[in-house]
Amino acid sequence: MTEDDRTRAMRSPGDGRPLPPRPSDGLRSGGAPAHHLPSGGPGAPTHKLPAAAQVPESPRVDEPVRGSSRVYGRERSGKSPVRPFKSRGQEPPRGPGGPAGRGGGPRGPRRRISWKAVVAVVAGLLVVLLVAAVALFFVIDSRLSGIDGVLDDYEGRPADTPGTNWLLVGSDSRKGLTAAQRRKLATGQAAGQRTDSMMLLHIPEGSDKPTLVSLPRDSAVTIPGKGRDKLNSAYAIGGPKLLVRTVETVTGVHVDHYMEIGFAGFVDIVDAIGGVEINVRAAVNDPKAGLNLKKGVQELNGSQALGYVRTRKGGALPDFERTKRQRQFLGAVVKKAASPGVLLNPFTSIPLAFSATDAVEVNSGTGAFNMLSLGLAMGDSPVTTVVPFGGNEVIPGGGTAVKWDRAKALALFDALKSDQPVPKEVVDAG
């Protein structure tokens, strides 16, 4: 026995000191026992160490990964190779389908909407709206029906004055009405055509409010070449041209634009805006006008509104009350038409524009731009009055007509000619 053998026999393996190597030991691999274990014989241990786990052989580089491989302890579906996740701090692969594991690949950074793109879209929409508005304007302008020769010059015609003057006429024309509609609207079967209402609108050049003056149809006036008669006779005798000349002669006011509307157009406009709200100051029951209204605020449709402005019932001076209802109605129509619910709604504003252009007739020089200025003026809450009058006058043709208060009437028309506000005492008198 050598010295090394004696040293090994004297020291136990667990004293913490390494054993000196023996020449016969050779090289040991990591994890090999320090002592040779006997393989058998009487001194062999009776128990066995557990067998080492069988490590599967790694596939070769050129061998594809089988579809039956496992991912995180679960059987993985599919036959494609397993792709590793990116390093920490990066998202897993994404694609068109979404996050990894849901059919996606890498997704790029979220794109922000540029303010330049927003401005471009808004500008494009504005251009489209502008083009549509211009196109609609020309369509409406082309639909206006012009009357030739209404405002032709004649000897002694009043000179043009500051501001803009409109002669607005409601005629009793039944044109466009069927027999059933005439019965429903109680318009009668009268032949010919007369004026049912006349109003002179002055639009000032400055910031003053417009002035709307009713001209009673039964006013006693001098008709050029025809003598003394009622104002509405001028229309019956010579149509719009003679009516304009008569109005200019007796008022001294130069008429710049003429607009006329008949019964059918009247009803169409009211119905196009969905009716009009009117405060009926006294109950009205007039079978001749097809009207039966209670007192108070109420919504009138086209046929009711027509009867309301035509009836002569109510008041000590029926014709005077009639002109008041006509101005009241006209203001209510313009207010409703200019409301945001109608004006900004293309389903109401466009039909209204078409109904208005089909319903009215204007002088040949009046276009859509002039009609727009008329609507804006009427929406500016104009000062409303009637020509001051007092008493009656017997006319040569028979019957009586309304006689104007000459002094107050001249003060009214002189204010309009000079583009000045009408004196308050004149407005109150009207």
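## Overall make-up

The chain of this predicted model contains 12 helices and 17 strands, and of its 430 residues 37% are buried. When contacts between residues at least 6 apart in sequence are considered, 61% of them join residues at least 24 apart. The accessible surface of the chain amounts to about 26,700 Å², and carbon and sulfur atoms account for 57% of that area.

The largest nonpolar core has 42 residues, among which Val276 and Phe329 touch the most other members. The element that gives the most to this core is helix α5, residues 263-272, with six residues. For Phe329, once neighbours within four places in sequence are left aside, the contacts are Phe266, Val270, Val276, Ile278, Ala305 and Val309.

## Strand β5 and its partners

Nine of the nine residues of β5 are buried, and the strand is therefore largely enclosed by the rest of the structure. Strand β4, residues 164-171, pairs with β5 in the antiparallel sense over eight bridges, and within this pairing Trp166 stands opposite Leu201 of β5. The pairing of β5 with β6 is likewise antiparallel and runs over four bridges, with Met199 standing opposite Ser214 in β6.

## Helix α11

Helix α11 spans residues 406-417, and its 12 residues reach 16 Å from the first C-alpha to the last, which is close to the 16 Å expected at 1.5 Å a residue. Its buried residues are Ala409, Leu412, Phe413, Ala415 and Leu416; because these cover an arc of only 155° around the axis, they lie on the same side of α11. An α-helix has 3.6 residues a turn, so residues three or four places apart point the same way. The face of α11 turned away from the buried side carries the exposed residues Arg406 and Ala407.

The buried residues of α11 pack against several elements, namely the strands β5 (195-203), β6 (211-214), β15 (383-386) and β17 (400-404), together with the helices α4 (231-251) and α12 (424-429). The enclosed strand β5 is thus one of the elements against which the buried residues of α11 pack. Just after α11, Asp419 takes a positive phi of about 60°.

Definitions and conventions
Residues numbered from 1 in each chain as written. Predicted model: local features only at pLDDT ≥ 70, side-chain atom pairs only at ≥ 80, totals over all residues. Heavy atoms only, no water. Core = buried A, V, L, I, M, F, W, Y, C linked by side-chain atoms within 4.5 Å. Buried < 20%, exposed > 50% of the residue type's maximum accessible area, 1.4 Å probe, protein only. Helix = DSSP H or I, 4+ residues; strand = E, 2+ residues; numbered from the N terminus. Contact = heavy atoms within 4.5 Å. Expected span 1.5 Å × (residues − 1). Arc of directions from axis to C-beta. Areas by Shrake-Rupley, 256 points an atom, 1.4 Å probe, with all protein chains shown as cover. Pairing = 2+ DSSP bridges.
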